Amino acid sequence: MPFAKSNRLPVGAIQCDNTTLSLLKANDFVARTIREKMEGQGTLLINITSSAGSGKTTLMQETARRLKDKIKMAVLVGDLETERDAIRIREAGVPSMQIVTNGVCHLEAQMILQAFDHFDTKGLDLLFVENVGNLVCPAAFDLGEDFRVTLLATTEGDDKPKKYPRMFLTSELVLISKADLLPYLPFSVDAAIEDARGVNPEIEALLVSSTTGEGLDAWCAWLMERVEAKKMAPTV
Ligand SMILES: Nc1nc2c(ncn2[C@@H]2O[C@H](COP(=O)(O)OP(=O)(O)OP(=O)(O)O)[C@@H](O)[C@H]2O)c(=O)[nH]1
Ligand SMILES: [Mg+2]
């Protein structure tokens with residue numbers, strides 16, 4: 001399509017994106033750098049998102065216990081304050097570093113890149129980033145991940161996907177977490193999945209409980225399939 005006359009540039013000139021005008025665009029540039037780095041070393045990067053308290057860290061601990069002897073994995077974890085989650089994950093036997101955002105309600109790609117200065121990712125098969133707990137702001141920031149996985153706990157209600165659509169639209173997998181509490185709650189798994197697919201028809205869904213272990217074999221198989229695929233993918 002021909003350029004509008006108002007946009008026409010002198011020969012030899014290029015139009016540069018002014019990243020200061022768009023934080024998200026700047027974030028996307030950094031995310032691309034992270035994606036290239038992970039591709040170069042064959043590390044699968046998974047961004048774990050959810051509301052506060054849906055069970056992200058507990059899932060990281062249970063995943064670590066199941067996979068740490070099979071693959072090299074690590075977790076970066078973001079929170080507004082405290083190192084509590086990283087300590088819990090390290091106790092499960094895998095390297096973990098806390099990114100303290102000092103009040104920022106989401107992780108940004110530049111925070112991940114800064115963390116790489118202090119956290120060795122070389123040789124990792126799988127790197128998780130546990131995002132700050134909320135379904136709103138983290139949805140907008142690409143962290144260079146291969147897959148975004150969102151937990152929706154049975155305690156939150158089955159009507160959340162359409163109320164927080166961007167998170168479900170940008171996720172490849174929804175984990176319905178705290179499945180062990182289903183007998184006590186008015187939560188329909190079918191309704192939750194239907195709501196999520198109303199936003200994103202492609203989204204996959206698994207039912208899990210970190211307390212009973214239900215669904216965790218399927219979750220680990222989902223991960224391992226993608227870890228293997230990432231290793232086979234051509235490097236940049
Ligand atoms: N019943 C039940 N409780 C769970 C399950 N998974 C986690 N919990 C509990 O839910 C609470 C929150 O779990 P976390 O793993 O800290 O949740 P989180 O999403 O990491 O929380 P933030 O990082 O603060 O957003 C804890 O009391 C966990 O013990 C589960 O599968 N079933
Ligand atoms: Mg946590």
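**Close-up views of a predicted model**

**View 1. Thr-82 counts as exposed, with 10 C-beta neighbours inside 10 Å.** Thr-82 sits in the loop between strand S2 (73-79) and helix H3 (84-91). Helices (H or I, at least four residues) and strands (E, at least two) are DSSP runs, numbered from the N terminus. The phi of Thr-82 is near 75°, a positive value in a residue other than glycine.

This is a predicted model, in which local features need pLDDT of at least 70 and side-chain atom pairs count only at pLDDT 80 or more, while totals for chains, interfaces and linings use all residues. Residues are numbered from 1 along each chain as its sequence is written, and chains are lettered from A and ligands numbered from 1 in the order in which they are written.

**View 2. Asn-102 has a positive phi of about 55° although it is not a glycine.** The loop that holds Asn-102 runs between strand S3 (96-100) and H4. Asn-102 has 6 C-beta neighbours inside 10 Å, so it counts as exposed.

**View 3. The shell around ligand 1 holds 17 residues.** A residue belongs to the shell if its C-beta atom, placed from the backbone, lies within 6 Å of the ligand. The closest are Gly-55, Lys-56, Thr-57, Thr-58 and Gly-133. Helix H2 (residues 56-67) gives the largest share, three residues. By class, the shell has two nonpolar, eleven polar and four charged residues. Ala, Val, Leu, Ile, Met, Phe, Trp, Tyr, Cys and Pro count as nonpolar; Asp, Glu, Lys and Arg count as charged; the others, Gly among them, are polar.

**View 4. H2 packs with H3 at an angle of about 20°, the axes 8 Å apart.** H2 is therefore roughly parallel to H3. Angles under 35 degrees count as roughly parallel, over 145 as roughly antiparallel, 65 to 115 as roughly perpendicular and the rest as oblique. Axes are lines fitted to C-alpha atoms, for helices over the stretch in contact, with angles from 0 to 180 degrees between N-to-C directions. On the H2 side, Thr-57, Met-60, Gln-61 and Ala-64 meet Asp-85, Arg-88 and Ile-89 of H3. This contact of H2 with H3 has three nonpolar, two polar and two charged residues. Two residues are in contact if their C-beta atoms, placed from the backbone, lie within 7 Å.

**View 5. Helix H1 (residues 23-41) crosses helix H4 (residues 109-116) at roughly 40°, with axes that come within 8 Å.** That angle makes H1 oblique to H4. From H1, Asn-27, Val-30, Ala-31, Thr-33 and Ile-34 take part; from H4, Ala-109, Gln-110, Ile-112 and Leu-113 meet them. The contact of H1 with H4 divides into six nonpolar, three polar and no charged residues.

**View 6. Lys-25 is found in helix H1.** Lys-25 has 12 other C-beta atoms within 10 Å and is exposed. The C-alpha atoms of Lys-25 and Asp-117 are separated by 23 Å; the two residues are 92 apart along the chain.

**View 7. Pro-161 lies in helix H5 (residues 160-163).** Pro-161 counts as buried because it has 26 C-beta neighbours inside 10 Å. Leaving out residues up to four places away in sequence, Pro-161 touches Phe-168, Ala-192, Asp-195, Ala-196 and Val-199. Val-199 is 38 residues from Pro-161 in sequence and 7.3 Å away in space, C-alpha to C-alpha.

Terms used. Buried ≥ 20, exposed ≤ 12 C-beta atoms within 10 Å, placed from the backbone.
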